[in-house]
Amino acid sequence: MEQLEEIVTRLENGDVPLETAIELFQEGMRLSQLCGSKLEHVERKIEMLIETEDGVQRKPFAPGQEDRGE
């Protein structure tokens, strides 16, 4: 994440040559995909505990389908 943030900062400053900017963009996309796949992997491992009339039940985490408290 730190590397990705550094790349974004450098690209936003706009003071890098075009060839370097393209290389930074490509590296940023690679890092972004890596972070996304790690997040998906962790989400698959997470379980929610749901309290029901019958007690507590486990339910797989499904992002986007549950209220995120926003």
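These notebook entries record what I looked up in the structure above.

**Entry 1: the model.** I noted that this is a predicted model, in which local features need pLDDT of at least 70, side-chain atom pairs count only at pLDDT 80 or more, and totals for chains, interfaces and linings use all residues. Residues are numbered from 1 along each chain as its sequence is written, and side-chain values use heavy atoms, with hydrogens and water left out.

**Entry 2: the overall layout.** I looked up the secondary structure and found 2 helices and 2 strands. Helices (H or I, at least four residues) and strands (E, at least two) are DSSP runs, numbered from the N terminus. Along the sequence I read the pattern α-α-β-β.

**Entry 3: burial and surface.** I then asked what share of the 70 residues counts as buried. The figure is 13%, where buried means under 20% relative accessible area (1.4 Å probe, protein chains only). For the accessible surface I recorded about 6300 Å², of which 50% belongs to carbon and sulfur atoms; such areas come from the Shrake-Rupley method with a 1.4 Å probe.

Entry 4: I checked the span of helix 1 (2–13). The expected span is 1.5 Å times one less than the number of residues. After helix 1 comes Gly-14, with a positive phi near 75 degrees. The 28 residues of helix 2 should span 40 Å, and I found its end C-alpha atoms 41 Å apart, which also agrees.

**Entry 5: the core.** Which residues make up the largest nonpolar core? I listed Leu-4, Ile-7, Val-16, Ala-21, Leu-24 and Leu-31. Such a core is a set of buried Ala, Val, Leu, Ile, Met, Phe, Trp, Tyr and Cys residues joined through side-chain atoms within 4.5 Å. Helix 2 gives the most to this core, with 3 residues. The buried residues of helix 2 are Ala-21, Leu-24, Gly-28, Leu-31 and Glu-43, and their cover includes helix 1. Setting aside neighbours within four places in sequence, I found Leu-4 in contact (heavy atoms within 4.5 Å) with Gly-28, Leu-31 and Ser-32.

**Entry 6: the strands.** I saw that strand 1 (residues 47–52) and strand 2 run antiparallel and are joined by 6 bridges; strands pair if DSSP finds at least two bridges between them. A hairpin of 2 residues connects strand 1 to strand 2, and Glu-47 stands opposite Pro-60 in strand 2. Is strand 2 (residues 55–60) largely buried or in the open? Of its 6 residues the number buried is 0, so strand 2 lies largely in the open.

Note on methods:
Buried < 20%, exposed > 50% of the residue type's maximum accessible area, 1.4 Å probe, protein only.
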